[in-house]
Amino acid sequence: MVLLGPPGAGKGTQARMLREVANVPQVASGDLLRAAVRTKTPLGVAAAGYMDRGDLVPDELVLNLIEERLNAPDAQAGFILDGFPRSVKQAEALRAILVRSRGAGLDRVIALTVPDEEIVRRISGRRTCRKCGAMYHVTFEPPRVNGVCDKCGGELYQREDDSEETVRNRLKIYDSTTRPLLDYYGKSGILALIDGTGKPEQVESRVQTALAGILPLPPRKKVQKPSVRPAGK
Ligand code: ADP
Ligand code: ADP
Ligand code: ZN
């Protein structure tokens with residue numbers, strides 16, 4: 001499946017929650033690219049400038065990275081793509097990759113919708129763990145100890161491309177280049193538009209509802225129902 005949405009919509013947060021229940025990996029193009037930049041691979045060196053400006057990294061750099069990741073053994077039973085595809089061209093390339101490697105297409109595309117002013121609030125308070133990638137928000141999802149990851153004790157940092165100017169550029173590119181994917185996937189009948197506002201757990205339950213029949217999800221928490229059995233049996 002694919003998680004779509006503007007920067008800061010909560011794709012990463014939802015993907016990380018979902019991978020636990022779905023037991024398939026999150027494949028986040030942004031995380032893969034940041035890892036390449038950090039370790040200074042040739043691809044990372046070539047991609048860094050685009051990312052700093054909030055521009056899309058050219059397809060010839062991104063597509064191989066994604067194809068390689070999707071062909072890894074742990075992604076054979078399924079995957080949650082987060083941040084890819086970001087253009088109709090990438091969506092078509094993804095289709096070709098999936099047909100080539102497994103003769104099947106996507107099951108579902110979940111598009112998270114969040115109003116612009118909420119996006120800005122979310123991105124400006126975003127903090128990420130350097131070690132495990134967990135996401136926090138200084139106001140909405142604060143860590144127990146300021147600057148320290150609850151899960152692994154790693155250091156929390158603010159992404160450099162989360163500055164106001166870069167975010168504005170990323171939102172513009174989302175509108176011009178990524179938003180057309182809503183039409184593209186809408187036509188194929190696999191798109192679900194999900195309200196991304198409210199607590200992460202509320203969004204998660206909407207997403208799970210939209211994935212009914214696709215994910216081997218555990219039963220939802222049971223509502224206490226009156227017993228239909230006669231007393232004494
Ligand atoms: P966010 O989650 O805030 O939308 P990401 O972590 O997905 O941000 O992406 C960060 C940056 O990495 C993007 O601004 C872009 O430069 C680059 N990037 C990520 N995914 C792609 C992609 N599919 N195609 C091109 N560039 C990408
Ligand atoms: P994306 O991957 O789409 O760029 P993230 O998952 O990184 O978005 O979320 C952006 C910021 O918003 C993070 O700081 C995250 O903790 C916070 N966030 C995510 N979901 C919610 C939510 N439902 N309510 C409030 N804040 C949220
Ligand atoms: Zn951590």
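Student: Which polar backbone atom is 3.3 Å from a nitrogen atom of ligand 2?
Tutor: A polar contact is a pair of N or O atoms within 3.5 Å; within protein, one must be able to donate a hydrogen and the other to accept it, and residues adjacent in sequence count only if both atoms are side-chain atoms. Here the backbone atom belongs to Pro200. Oxygen atoms of ligand 2 lie 3.0 Å from a polar backbone atom of Gly10 and 3.2 Å from a backbone N or O atom of Ala9. The model is predicted, with local features needing pLDDT of at least 70, side-chain atom pairs counting only at pLDDT 80 or more, and totals for chains, interfaces and linings using all residues. Side-chain values use heavy atoms, without hydrogens and water, residues are numbered from 1 along each chain as its sequence is written, and chains are lettered from A and ligands numbered from 1 in the order in which they are written.

Student: How much of the accessible area of ligand 2 does the protein cover?
Tutor: Such areas come from the Shrake-Rupley method with a 1.4 Å probe; for residues, only the protein chains shown count as cover. The protein covers 94% of the 560 Å² that ligand 2 has on its own.

Student: Which polar contacts does ligand 1 make?
Tutor: Nitrogen atoms of ligand 1 lie 2.7 Å from a polar side-chain atom of Ser29 and 3.0 Å from a polar backbone atom of Val57. A side-chain N or O atom of Arg126 is 2.9 Å from an oxygen atom of ligand 1. For ligand 1, the protein covers 97% of an accessible area of 550 Å².
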